[in-house]
Amino acid sequence: MSEKQARAVDIAIAYHRAWTSGNLDSAIKHLAEDVVCHAPSGTMSGSAAVRAFMEPFAATLTKSALLAAYGSDDQAILMYDTANRAVPSAPGAELYRIHKDQIAEIHIIFDRLPFALARGDVVRT
């Protein structure tokens, strides 16, 4: 990886480690003020909106494991697994677009089924 490529991955990992450890103040420092986040529940704009979206989930985590991290000159992708008391495994992936050493855009992918099963919203047959 080039120095610039390594920097994009470093920024993504620093953000990920901050939010998964519950340190949202530190996580937000890695986001551009006008960051756009695309998640299964919808798109939100602005670092305050992303924080409001991430904070409740981050507060429930009992563990998080970073499984892989890759990057190019201005983007990084992380794959990880998280758990909380209700869901023992919730894998996810996030694509980060980096601009001026801050995260400008996030695309989040995760399986919502384990959470729906835990809430009793659906029944596995």
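Strand β1 (residues 31–39) and strand β6 run in the parallel sense and pair over four bridges, where two strands count as paired if DSSP finds at least two bridges between them. Helices and strands are DSSP runs numbered from the N terminus, a helix (H or I) having at least four residues and a strand (E) at least two. The model is predicted, and for this reason local features need pLDDT of at least 70 and side-chain atom pairs count only at pLDDT 80 or more, while totals for chains, interfaces and linings use all residues. Residues are numbered from 1 along each chain as its sequence is written, and side-chain values use heavy atoms, with hydrogens and water left out.

**Strand pairing around β6**

Strands β5 and β6 pair in the antiparallel sense over eight bridges, and they form a hairpin with two residues between them, in whose turn lysine 100 has a positive phi of about 55 degrees.

Isoleucine 109 also has its place in strand β6. With a relative accessible area of 61%, isoleucine 109 is exposed, on a scale where buried means under 20%, exposed over 50% and partly exposed in between (1.4 Å probe, protein chains only). Apart from neighbours within four places in sequence, isoleucine 109 is in contact with Gly92 and Ala93, contact meaning heavy atoms within 4.5 Å. Proline 91 lies 18 residues from isoleucine 109 in sequence, and their C-alpha atoms are 8.8 Å apart.

**The largest pocket**

The largest pocket holds about 340 Å³ of space. Of its 16 lining residues, Phe53, Phe57, Phe110, Arg112 and Phe115 are the closest to its centre. A pocket here is an open set of points on a 1 Å grid over the protein atoms alone, where a 1.4 Å probe fits and protein lies on both sides within 12 Å along at least five of seven lines; lining residues have an atom within 4 Å of a point. Grid points are joined across faces, edges and corners, and the volume is the space filled by probe spheres set on the points.

Helices α3 (47–60) and α4 (113–119), together with strands β4 (75–84), β5 (90–99) and β6 (102–110), each supply at least two residues of this lining. Strand β5 gives the most, with four residues. By class, the lining has ten nonpolar, three polar and three charged residues.

**Salt bridges**

A salt bridge is counted when a side-chain nitrogen of Lys or Arg is within 4 Å of a carboxyl oxygen of Asp or Glu, and by this rule there are five. Three of them are listed here.

| Aspartate 101 | Arginine 7 | 3.7 Å |

The salt bridge between aspartate 101 and arginine 7 links distant parts of the chain, 94 residues apart, with aspartate 101 in the loop between β5 and β6 and arginine 7 in helix α1 (residues 3–20). Aspartate 101 is partly exposed at 45% relative accessibility, and arginine 7 is partly exposed at 41%.

Arginine 51 is partly exposed, with a relative accessible area of 25%. Salt bridges that share partners join Asp25, Arg51 and Glu55 into one network.

How values were computed:
Ala, Val, Leu, Ile, Met, Phe, Trp, Tyr, Cys and Pro count as nonpolar, Asp, Glu, Lys and Arg as charged, and the others, Gly among them, as polar.
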